[in-house]
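Here is a short briefing for a first look at this structure. Keep the sequence and the model in view while you read.

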Amino acid sequence: MYQVDLNCDLGESFGVYKLGIDEEILPFVTSANIACGFHAGDPSVIRNTVKLALKYGVKIGAHPGFPDLIGFGRRNISITPQEAYDITIYQIGALNGFIKAEGENMQHVKPHGALYNMASKDRTLAEAIAEAVYKVDSQLILFGLAGSELVQAGEKIGLQTAHEVFSDRTYQQDGSLTPRNQPNALIHNNEQAVAQVVRMVKDGKVLSQQGVDVSVKAHTICIHGDGSEALAFARQIRKVLEDSKIVVKAINNKDG
């Protein structure tokens, strides 16, 4: 039996600025990565997004990023492992306060944007983030790019990890995502994106931009909730996964 989690980055509005269609997307996903105020989000948005996720029975995770509202956390910032540890704990704590206030528990942590991509390749950065997650709560699940330094660091320290794949991104032959500032980084054709996901889940492979198949584990699939086609795509990918005999459910602790 094939099984996969479907996650989405949410809670990215800030003040008077609205980004994404969180409530419309939530019925189709099983895990929500909620921005913690550094790259996006604010206290009121965090509270509201937590309540919405719980309303739809969606598991909640922290989505810590660089303190870079203007760049939406997508710009590389030179950071020490200690600083990475500190900002990770700080942001987990911010979100966890709102989750606990609702009588619930956090499921996972997934770094955002440039922090995620840098930790996928930088072992010391990955280890600092994994240590931060572990020391806050060793039962949290660490989401990271499939096969990356981040998931390896999580496994090494004793965390449960989830190897993540992306529906709307293309891959390089080393298993990394094609940087957004390069051509063909994003997949705009929904059918192509869905086909890529089904193949990653069932066959454990993805075709890289260099024309070479790359082996991947697919425990959780990331979709995005802020594009013009976001809702239609969320509905489509959920249906195709289920039609392909793939069970869509959250990654419960110790399920493997």
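Two strands pair if DSSP finds at least two bridges between them. Helices (H or I, at least four residues) and strands (E, at least two) are DSSP runs, numbered from the N terminus. This is a predicted model: local features need pLDDT of at least 70, side-chain atom pairs count only at pLDDT 80 or more, and totals for chains, interfaces and linings use all residues. Residues are numbered from 1 along each chain as its sequence is written, and side-chain values use heavy atoms, with hydrogens and water left out.

**Strand 9 and its partners**

- Strand 6 (residues 160-166) runs parallel to strand 9, and three bridges join them.
- In that pairing, Val 165 stands opposite Ile 221 of strand 9.
- Strand 1 (residues 2-10) is also parallel to strand 9, joined by five bridges.
- Here Asp 5 stands opposite Thr 220.
- Strand 9 spans residues 220-224, and five of its five residues are buried (under 20% relative accessible area; exposed is over 50%, partly exposed in between, with a 1.4 Å probe and protein chains only).
- Thr 220, Cys 222 and His 224 lie on one side, Ile 221 and Ile 223 on the other.

**The nonpolar core**

- A nonpolar core is a set of buried Ala, Val, Leu, Ile, Met, Phe, Trp, Tyr and Cys residues joined through side-chain atoms within 4.5 Å.
- The largest one has 72 residues; Leu 95, Ile 221, Ile 223, Ile 237 and Leu 241 touch the most other members.
- Helix 5 gives the largest share of this core, seven residues.
- Beyond neighbours within four places in sequence, Ile 237 is in contact (heavy atoms within 4.5 Å) with residues including Leu 6, Val 194, Ile 221 and Ile 223.

**Helix 4**

- Leu 115, Met 118, Ala 119 and Lys 121 of helix 4 meet Arg 123, Leu 125, Ala 126 and Ile 129 of helix 5.
- The buried residues of helix 4 are Gly 113, Ala 114, Leu 115, Tyr 116, Ala 119 and Ser 120.
- They pack against helix 3 (81-101), helix 5, strand 5 (141-145), helix 6 (149-157) and strand 6.

**Arg 180**

- Arg 180 sits in the loop between strand 6 and helix 7 (190-203).
- Arg 180 has a relative accessible area of 37%, so it counts as partly exposed.
- Leaving aside neighbours within four places in sequence, its contacts are Arg 74, Arg 169, Ala 185, Leu 186 and His 224.
- The C-alpha atoms of Arg 180 and His 108 are separated by 25 Å.
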